Amino acid sequence: MGRSIALSYSSARGCQVSLTYEDVIAKYEPVLGLEVHVELNTHSKMFCGCATVFGAEPNTQTCPVCLGMPGALPVVNEKAIESSILIGLALHCSVTPFSRFSRKNYFYPDMPKNFQISQYDEPICVNGYVDVEIETDEGPKQFRVEIERVHMEEDTGKSLHVGGATGRIHGADYSLLDFNRAGIPLVEIVTKIVPGTGKYAPEVAKAYVAELRDILRSLGVSDVRMEQGSLRCDANVSLRLIGAETLGTRSETKNVNSLRSVERAVRGEMIRHAELLNKGERVVQETRHFQEDTGLTRSGRSKEQAEDYRYFPEPDLVPVEPDAGWIEKLRASLPEQPTLRRKRLQEEWSVPDKEMAAMINADALDIVEATVKLGADPTRARGWWLGEISRIANEKDVAIADLAISPADVAEIVSLVSKGELTDKLARQVVEGVISGEGKPAQVMESRGLKVVSDESSLMAAIENAIAAQPETAEKVRNGHIPAAGALIGAVMKETKGQADAARVRELLLAHLGQ
Amino acid sequence: MSTLSRADVANLARLARIEMTDQELDDLSTEMDVILTAVARVQEVATSDVKPTSHPLPLRNVVRADVVTPSLTPEAALSGAPANEEQRFRVPQILGEEA
Amino acid sequence: MIRLSANEMASALAAGETTSEKLTQEHLDRISSVDADVHAFLYVDTEGALSQARGVDTARKNGEKLGPLAGVPLALKDVMVQKGVPTTAGSKILEGWRPPYDATVVKKLKEAGIVILGKTNMDEFAMGSSTENSAYGPTHNPWDLSRIPGGSGGGSSASLAAFEAPLAIGTDTGGSIRQPAAVTGTVGVKPTYGGVSRYGLIAFSSSLDQAGPCARTVLDAALLHEVIAGHDAHDATSIDAPVPQVVRAAREANVKGMKIGVVKELNGDGYQAGVRSRFEESLELLAKAGAEIVEVSCPNFEYALAAYYLIAPSECSSNLARFDAMRYGLRVGDEDGASAESVMNLTREMGFGREVKRRIILGTYALSSGYYDAYYGSAQKVRTLIMDDFTKAFGTADVLVSPTCPTTAFKIGEKANDPLAMYLNDIATIPVNMAGIGGMSVPCGLAPEDGLPVGFQIMAPAMQDQRMYSAGAALEASLLTEWGAPLLSRIPALGGAK
């Protein structure tokens, strides 16, 4: 790890010197802090009954409460509390016996009340951890990322900036606000500071967010799609000289919209801080925005002139005291930890590490497991999903899960091949047919006539035709020159339009020719 | 107790998003002083062994089921809007960054 | 018929002696006749009211089952959201705003067939004790038009005293129902906190605000109380329990054996002489009716005013943040490429009045980092102490009593430039809101020195509102016997009066 990256803010500003990542980690050690916001997939909003459907027409899912109209009052969504507790339990947190909502006061046009109902000093869950594994020079290594707190809050509206370039806020003439998203439940997960990652800070950050995403997905509490905004990550980075005790000044980076961006953002910030510190300059405590195209961050609001949020207990809501019995019930309902599940499946299916990593990277684990559960051999199931089906998905530029072929279909195809009713070649055509919407495997086989020809009489007829057409070749085989059989087999395959079981043909042919 | 200077009041006005005139800032600086002196007496009895009360009622766990209820129509939602366009609230250019 | 009580009007309607439409029209005529002088109303919903009235008349003709106040008109404090009707909370920042929804209280009024005549004047965002902070000009006390009608709900109480409506809805955060009732010679009740839904009540101080009934008699208030009270799923702070039997208590008016606790710290030291004497006389009447008068001490009450003027501004500084020119209400300064931020700042500067801005600044300060513990945090502790004082006092008394406020109605403009002097009007009413218990003001006479109304405050433990009605009705009955006629029969005639 630790590729040499000559990513440089100095060079971006047109100066000569560029600092490499190696330079940075030789002198400094990073300290991380990660804040992840999860949009819950509840049917209704956090404090009102408006629907939460993604992509609805603007301002069609709003009401006096989520529009912050005078006189409106919030009432808590019980499913949001349940999901928050599940998240906390899955992260090994304690569920606090008493938690309260607070108002976080600040002004922004997409904030209907100009305060956010959140939780301040009494969050719903505290003190947990997530173990992540990364690849280091010395092999796989585990890091424990400690969780400070998990708390509930609400999302803001969305703004469209009109008039500027690329819809960005800078240079826009005016903005258009849609409050469909305002009030959707958010859960914020905050880590304690993460020291001791050394040069692997970017990888640890990425692995943490990836693991978190998998855990949340296994709980079924969120769509966790970073590109859709249902999982958002803010990365806090600071540097200190190796061996120093006091923490350096941190910066917060937002707009990190993918796992890869998490890694790049952390690495980029480490380099930027180091460049400043090396020059004897101060790191400014501020919010920065990650830019996908350059991998650099841009300065946003300075946190030094920070808003004073003037937190106080939310008077319109009463405290939450989750029943201990209910918490235990939820704990018992937790699904298997993703890491443990992956290890178990890898063992059960005897998958080599590289292939396992490939399957996980392709996000194919669930779909392969579903196929195996329906009776398919794991290796074959994996082969289909990561092979032919992935190829087609890439062609169409979609995810394998979005294709019209299901685990049941693949399981059936695997079964048909193993029974000899389909050859691999034919099976590929069936797969293509199912994906094209021609129906289930059986229907495709029927309509395209793709069954393996294996009955002896048909095969023998074709074999005899081939022999008749190539008497010299047949003679060669009779005389013990086995490879010559290839041409005859080819002819049989041609006659049967490739639907003959080639192995069976060979068997019958050779037997027929006395071999 | 603390005196609130005009700069202090200006800072509070900034936090509260109110563009006050100089006269208002001066007047408030004086008034705040008087009022704060009067209200500061709460500290006389607010000792560490007294718990604060945020809610007069001993209610807990008031929740609603996760069911969708009818929203306002977009027309009703936008009915009071100073300006609207394409079924959205139209607001002047925003200078600050999103949180 | 405008001089009748709401109960009498309801009986007349039920007996077919008049229709709701006729009754409503009478009141609309009365408003046209006197409101130029009183200015109780900010908006009169002539068409809406008559239409509602006709609806009730039709329902009655069809033999439908109707509530006890069906067809009776009512004045609604402009802090309550009413769908399609201008709602301003007494502020310029909401001028012309027509809400797209009804407050729960308004829904209940409509379901009960009560006819809403219009929206009454108030101190801006309920901040004040005189209705002088209204952005639309003050309301004038019908007893003496040069005087304040109390606040913040001066419009509602004045409309009752001026016979413009027999019923009104007010809201009370530090005394805004009770103090106007006291200075206008009417009845005003603040139910136990959570007894009436706050959904649709434009928030001033969320943990203190409460809507309540205003009327000319205790029974009328009780009837209205039972219409508007009850649990609301839209209000997470509303009480999920049956409405106390206040109508029965008002009818029975029984104080035999009731222990009435006079709060030493609210016993009128420094209060106007006539206020004190009327209070003492009322105590004697209650004793004669069978109550036992005892003295109780609530030593932390002396900190209540200070705590209130930290908690309420803090909560309001947050509640009023939503008025930002983005989604509804006033917008100024939106020209020549002005930013959203500057439009927000300018709109709030132009749209809010002086008292509102004062409290927002005070509240912002009290909540700010470094000062929270000393101010807001300490005030919340005082709240605990006040609740403890009440709990202890209610251990020896069934209800507690005091004069409602220190003086009778002062002249308009007299205290306008002295915020602290103005705040002192609430000194007896505030402890009730801090503890979340119930409080009622009942007229107990005119002060001899100025001939202006005096109010008698009755306080009951949380969720025991019926006790206030028992004591209030008993006192009212005794006084009626003493006077021979209701207090309001002595009110000077208004110009153009009927």
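1. Basis of the note. This is a predicted model, in which local features need pLDDT of at least 70 and side-chain atom pairs count only at pLDDT 80 or more, whereas totals for chains, interfaces and linings use all residues. Residues are numbered from 1 along each chain as its sequence is written, while chains are lettered from A and ligands numbered from 1 in the order in which they are written.

2. Confidence in chain B. The pLDDT, which is the predictor's confidence in each residue from 0 to 100, has a mean of 92 over chain B, and 95% of the residues of this chain reach 70 or more. Within chain B, confidence is lowest in helix 2 (residues 22–39), at a mean of 93, and highest in strand 1, at 98.

3. Make-up and form of chain B. Four helices and three strands are found in chain B, where helices (H or I, at least four residues) and strands (E, at least two) are DSSP runs, numbered from the N terminus. Along the sequence they follow the pattern α-α-α-β-α-β-β. Chain B is more spread out than a compact globule, because its radius of gyration is 22 Å, well over the 13 Å that the globule rule gives for 99 residues; this radius is taken over C-alpha atoms, and the rule is 2.2 Å times the number of residues to the power 0.38. Taken along the principal axes, the C-alpha atoms of chain B fill a box of roughly 55 × 45 × 25 Å.

4. Burial in chain B. Of the 99 residues in chain B, 33% are buried, a word used here for a residue with 20 or more other C-beta atoms within 10 Å of its own, the C-beta atoms being placed from the backbone.

5. Chain B against chain C. The contact takes 45 residues from chain B and 57 residues from chain C, two residues being in contact if their C-beta atoms, placed from the backbone, lie within 7 Å. On the side of chain B that touches chain C, at least two residues each come from helix 1 (6–15), helix 2, helix 3 (42–45) and strand 3 of chain B, and helix 2 of chain B supplies the largest share, seven residues. By class, this side has 31 nonpolar, eight polar and six charged residues, where Ala, Val, Leu, Ile, Met, Phe, Trp, Tyr, Cys and Pro count as nonpolar, Asp, Glu, Lys and Arg as charged, and the others, Gly among them, as polar.

6. Chain B against chain A. Here 34 residues from chain B meet 43 residues from chain A in the contact. Strand 3 of chain B gives the most to the side that touches chain A, with five residues, and the residues of that side divide into 16 nonpolar, eight polar and ten charged. Strand 1 of chain B also pairs with strand 2 (residues 76–77) of chain A, in the parallel sense over two bridges, and V76(A) stands opposite V63(B); strands pair if DSSP finds at least two bridges between them.

7. A covered strand in chain C. Strand 5 (residues 187–190) of chain C has both faces covered, with V187(C) and V189(C) buried on one side and G188(C) and K190(C) buried on the other. Strand 5 of chain C runs antiparallel to strand 6 (residues 211–215) of chain C, joined by two bridges, and pairs in the antiparallel sense with strand 10 (residues 438–446) of chain C over three bridges.

Technical notes: Buried ≥ 20, exposed ≤ 12 C-beta atoms within 10 Å, placed from the backbone.
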